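The following exercises are intended for a reader new to this structure. Each task is followed by a solution in steps.

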Amino acid sequence: MSRVAHLFHQLDVSIFNSPRIVLSLILALTIFFGLQIPGVRMYSDFADQLPQSHPYIQLHNEIKDNFGGANVIIVGIEVKEGDIFSNETLHLIHDVTQAVDNLPGVNHNLVASFTHRTTRQVWLTEMGNINSDPYFKPQDPALTEMDLEQLRKDIVANPRVYGPLVSPDMKTALIKAQLNEGMLDYEETFAKLQQLRDDYAREGVTIYATGQPVLVGWAYFYKDQIFQILAFTALIMLSLLIFHFRTAYGVFVPLAGVIVSTIWGIGIISLFGYNLDPLGLVIPFLISARAMSHGIQLVERYYAELNEDEDARTAARKTFGSLFRPGSLGVVSDAIGLLLISIGSIPLNTKLAHYSSLWALCIILTVLLAVPLLLSILPKPNVTDLHQSTLRKIAEAGGVFVSQFPKQILISALVIVIAGVYLASNVTIGESEPGSPILYRDHDYNISSKAINDSFPGSEELYIVAEHRDEGGIKRPEVLLALEDLERHMMLDPEVGGAKGVPDLIKQVNRLLHSDDPRWQQIPKDEAYVGGLMFAYMASSPIPGALKEFTDPASQIANLVFFYKDHQGETIRRAIHSAKQWIAENEAKVDGLSIRLAGGTIGVTAAMNEAAFDTNKVVLPLVFILIFFSVTIFYGSFQAGFMMLVAMVFATTLTYGYMGVAGVGININTVPIIAVGVGVGIDYSIYMMDRVREEVLKSGDLEQAVCRALSTTGLAISFTAMTLIAGIVMWIFMSDLRFQADAALLLSVMVVMNGIAALWLVPSWILVFKPAFVAKLYQDEDGIIHQLATSSLDLPHQSICNKRE
C-alpha cells in the first residue's frame, strides 16, 4: 500500500510540473480517436447472440442449411369471418407466400406454406403409383364450393399441414421462411416484409409477422430514437449541472471530460473493428454518464479546496491527490465488471466487454487526470462558494441521522437483505413470459406472436437430431421405432402441440400404399421396405429434395421437430429435461444410434439461457472476488475489502429481489447489465470510505468525520447518482424497445441500491465496528495516509455532528 501511495504521489508531482504537455498529449490522442469514428457501424448479427462453443449451437450451425435454424420469419394470415377456404383468401395466401419467398436472404428450399411448391398432397393412383400435387394451383380456374370442401378434407387428412401450417379452426394460415445466416441486411428484409404486409392488407384479414429476423428488424426500425434520446439526455444532464453548480466551471469542465472520453471510447470500437449493436447501447450511455459523475466529483472537490486554499493551482493539485487514487480504483472496478462479461461464449458480450472495459479505463486519463490539470491552468473562478441547494441540506441532515442510528441502520439492512433473498428466489432463467421481452406486451411483434401461438399448436420449434454410424442407418426399423418412442415421450408434455419426423412420414406413406387403410399406419419390419417407401415418396414429388426436411441424402441423419407454444424459460427447461431423460434411458438400447440436442428456436434459446446462467454463476462471484482483493491490496486492509464486499452483496441481493418482483429473467441481455451495475455502483462506497479516512485525520473524531464525509462526499455521491441515472433515464421513457427501457431501469435500481449502501451502510459499518484502517491513521511528510501500527487508539467522540462552518 505504501509503495503504491508513494508512486501516486510521485506521479502527482511530475504531472503537475508540466500540465500543458500532458493535456496536449491527451488532445492529440483525442484527435486520433476522433478520426476513427467514421469507421464505426451499427448493425445486429444473429450469430453474435449465440454462444458458439455450446453443443446446441454447434449442432445448430451444422444443420441450419439442411433442416433449418432459429433465424425464421413467421407470417400468419388470419380471416375474421368464415375460414381461409375461399378463392380470394387462397390467392392472397399464395401471393403472400411468394412475396415472402422473394424476401432478401430467404433460403428458398426452406419455405413452408400449404400453398408453397414444397408442400404437396400425396395419393395413390389407380395403377398403384404414388403421385403428388400442390394443394393450391393459382393458374387453375376458381374452385367451386365442392372443390373447396374437398380441399378442406385434404388438409385435415395431412397432419404435416393441418396444425403446423393451417390452424385447427381453419381461420389462419402460416408461412415460415428460413434466412441464410451471415451478413444479412436485416433492415432491408424487415422493410420489405412490412411493405408486403401493407400491400396485401385486406378488409377482414390480419397479417401477422414474428420470428427472430422480425425482432431484429424492429430494433433497427427504432434506431433513429437513439439520437432523440441522446439529445434529451444531454439536455437533462446539462440542466442538472446548471442547477447544481450554477458556475461555468461546474457545467463545462465535466462536459468536456464526457465528450473527450466518449470520443476515445467510440474510436476504440472502430480500432477493434467491432459494430455497435442497437440492443447494447445502454452500456455506452452508462459509461459516458459515469465519466460525467467522476467529473462532478472532481469539480465539487475543487471548489471545496478553494475554500481552504485560495491558490487555484494548489486546489487543483489537492483535488487530484485526494480523488485520483479512489477514483482510479473505482474505474478499475468498473472495468473489472465490464471485462468479466467476456467470460461467456456469446460473441456480442465478448465484443461489448472488450471495448467497454477499455472505454471505462480511458476515464482515468480523460477525466480523473485531465480535469484537475485543466483546472490547474484555468484562472481561479470569481465565485468559489457553491450554491446551497436543497440537496446539500439533505446531505447534512443525512449525516446527523446516520451518526445517531448506525446500529439500527445495520439491523434494518440485514432484514432488507433477507427479504431480498426471498424475492430473488422468484427470478427465472430465460424469459418469464411469452413473446419477446425486447418489446412491450402491446407491441405489434408480441401481438403477432400471441395470435399465432393462440391459433396453432405451437410455432416455436425444437429440433432433435438422430445420427447413425452407418449410411442408411436411419432406415432400420429398430431406429425408426426408437425415434417413434422418442416422439411419444416428448408429446407427453402438454406444451407440445405436435411433432414431425421421418417415422411419421414412413407410417403415412405405408398407409397410402395400402389403400389408405389406417391399420397400415405403422413402421414396417424390413429395412429394404422402408427404403422403398422413402424412395416412393421422393419420386412422387417433382420438386428436388422432398426428403430434405426429414433426413440427409445418406439416410444417416434424421431431424425430429417438436412444436411448442412459447419459449419461456420453464417451457424450455422442461423440454430439454424430457429429451435428456429419454436419451439417458433409451439411446444405448439401439446399436449405433446417437441423439443430439438441440436446434430450432427452442434449442438455440436453451443454449442462450444455459450460457447466461453459467456466465452469471461465474461472473458475479469473480466481480466480487476481484474487487475485494483490489480494495484489500489498495488500502492494505482486509477490513476494507470486506466492507466493500458487504456493500456489493447488499446492493446485488436487492437488485435480484427487484428482478424477482418485476419478472425480469436472467438471460444474455441482463447478465452484462448486472455485472456492470456491480462494478459501477461500488465506486460510491469507495469514495465514501476514502473521504471518511481523510476527515478522521483532520478532526480526530470518527463520528465527526462521518458527518463531514456525508455532507461533502455524500452530497457529491447523491448528485452523481442522479446524473448517472439521468444519463440512462430517457431510455425508460422514450425507447420503444422494452429491453432498453428495462435495462436502464435495472441499472437505475442498481445505482440507487449502491448509493444507499454508500450513504447509509458504509458509514454505519464504520461507526459500529470502527475498523482500524479508518479509525487509526497517521499522515507522513508526503501527505500519504497510513494505518497506525499500535493495537489501539482512543479517538475523541461527540454525540452530535458539528455543523459545517
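**Exercise 1.** In which sense do β9 and strand β11 (residues 557-564) pair, and over how many bridges?

*Solution.* The model is a predicted one. Strands β9 and β11 pair in the antiparallel sense, over 8 bridges.

**Exercise 2.** Determine how β9 pairs with strand β12 (residues 593-599), and state which residue in β12 is the bridge partner of valine 465.

*Solution.* The pairing of β9 with β12 is antiparallel and comprises 6 bridges. Within β12, arginine 596 is the bridge partner of valine 465.

**Exercise 3.** Why is strand β9 (residues 460-468) described as largely enclosed by the rest of the structure?

*Solution.* A residue counts as buried when its relative accessible area is under 20%. Of the 9 residues of β9, 8 are buried, and therefore the strand is largely enclosed by the rest of the structure.

**Exercise 4.** Describe how helix α8 (residues 225-245) and helix α10 (residues 282-306) are arranged, and what kinds of residue form their contact.

*Solution.* First, the two axes come within 13 Å and cross at roughly 10 degrees. Angles under 35 degrees count as roughly parallel, so α8 is roughly parallel to α10. The crossing of α8 and α10 is right-handed.

Next, consider the contact. The residues of the contact of α8 with α10 divide into 11 nonpolar, 2 polar and 1 charged.

Terms used:
Residues are numbered from 1 along each chain as its sequence is written. This is a predicted model: local features need pLDDT of at least 70, side-chain atom pairs count only at pLDDT 80 or more; totals for chains, interfaces and linings use all residues. Side-chain values use heavy atoms; hydrogens and water are left out. Buried means under 20% relative accessible area, exposed over 50%, partly exposed in between (1.4 Å probe, protein chains only). Helices (H or I, at least four residues) and strands (E, at least two) are DSSP runs, numbered from the N terminus. Two strands pair if DSSP finds at least two bridges between them. Axes are lines fitted to C-alpha atoms, for helices over the stretch in contact, and angles run from 0 to 180 degrees between N-to-C directions. Angles under 35 degrees count as roughly parallel, over 145 as roughly antiparallel, 65 to 115 as roughly perpendicular and the rest as oblique. A crossing is left-handed if the near helix is turned anticlockwise from the far one by less than a right angle, and right-handed if clockwise. Ala, Val, Leu, Ile, Met, Phe, Trp, Tyr, Cys and Pro count as nonpolar, Asp, Glu, Lys and Arg as charged, and the others, Gly among them, as polar.
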